[in-house]
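User: Please take a close look at one helix-helix packing in this model. Please also place that packing in its wider setting.

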Amino acid sequence: MKKIILLLSLLFNLSFASGTYDTFIFTDQEEKYALFFLNTATSSEFTDIGLSVADYNAMSALRPFPSDTPAQISSSLNTISINSNISGPDMKRIREASYRIDIPDHSKFTDINSSLGIKQSDINYLSALSGLLIGFAFAFFLIYSIVNISRNKA
């Protein structure tokens, strides 16, 4: 039992693993949002968070940063942190900027849903709700059938 609990705690710790870049710790979500910021930010957005135009020029020359998998995200942020223009406090500013980023929906159904005026999160909620209701109906009729079979009313 102790081994199972130890393995589960290790699994949860690894699933919320974080990366350290220039002595600043990034969570997985901060990494993803920071990299999106670095891929899409303009020069004025860089200077708004306290970075210089030289920092922007150094980062824009390296764009686009690969961000499809967690390994690519970590590799990209590592590349950014070892850049001579970016120092530790700059990585802190980038991490803080990641909290203000809103990544747009990249679903292939975005055009269909937006033409109907429905957000993707609402579609997900309605799909889960309908699945739950169908599951309850199935469970009810399954229990009802089992009770009738046990009473020999089949």
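Analyst: Helix α2 (residues 28-40) packs against helix α5 (residues 70-81) at an angle of about 60 degrees, and their axes lie 10 Å apart. Axes are lines fitted to C-alpha atoms, for helices over the stretch in contact, with angles running from 0 to 180 degrees between N-to-C directions. Helices (H or I, at least four residues) and strands (E, at least two) are DSSP runs, numbered from the N terminus. The two helices α2 and α5 are therefore oblique to each other; angles under 35 degrees count as roughly parallel, over 145 as roughly antiparallel, 65 to 115 as roughly perpendicular and the rest as oblique.

The model is predicted: local features need pLDDT of at least 70 and side-chain atom pairs pLDDT 80 or more, while totals for chains, interfaces and linings use all residues. Residues are numbered from 1 along each chain as its sequence is written, and side-chain values use heavy atoms, leaving out hydrogens and water.

From α2, the contact (heavy atoms within 4.5 Å) involves Glu31, Lys32, Leu35 and Leu38, and from α5 it involves Ile73, Ser74, Ser76, Leu77 and Ile80.

Leu38, Leu77 and Ile80 are also among the residues with the most contacts inside the largest nonpolar core, which has 22 residues. Such a core is a set of buried Ala, Val, Leu, Ile, Met, Phe, Trp, Tyr and Cys residues joined through side-chain atoms within 4.5 Å, buried meaning under 20% relative accessible area with a 1.4 Å probe, protein chains only. Two or more residues each come from α2, α4 (53-62), α5 and α6 (88-97), and α2 gives the largest share, 4 residues.

Key. Buried < 20%, exposed > 50% of the residue type's maximum accessible area, 1.4 Å probe, protein only.
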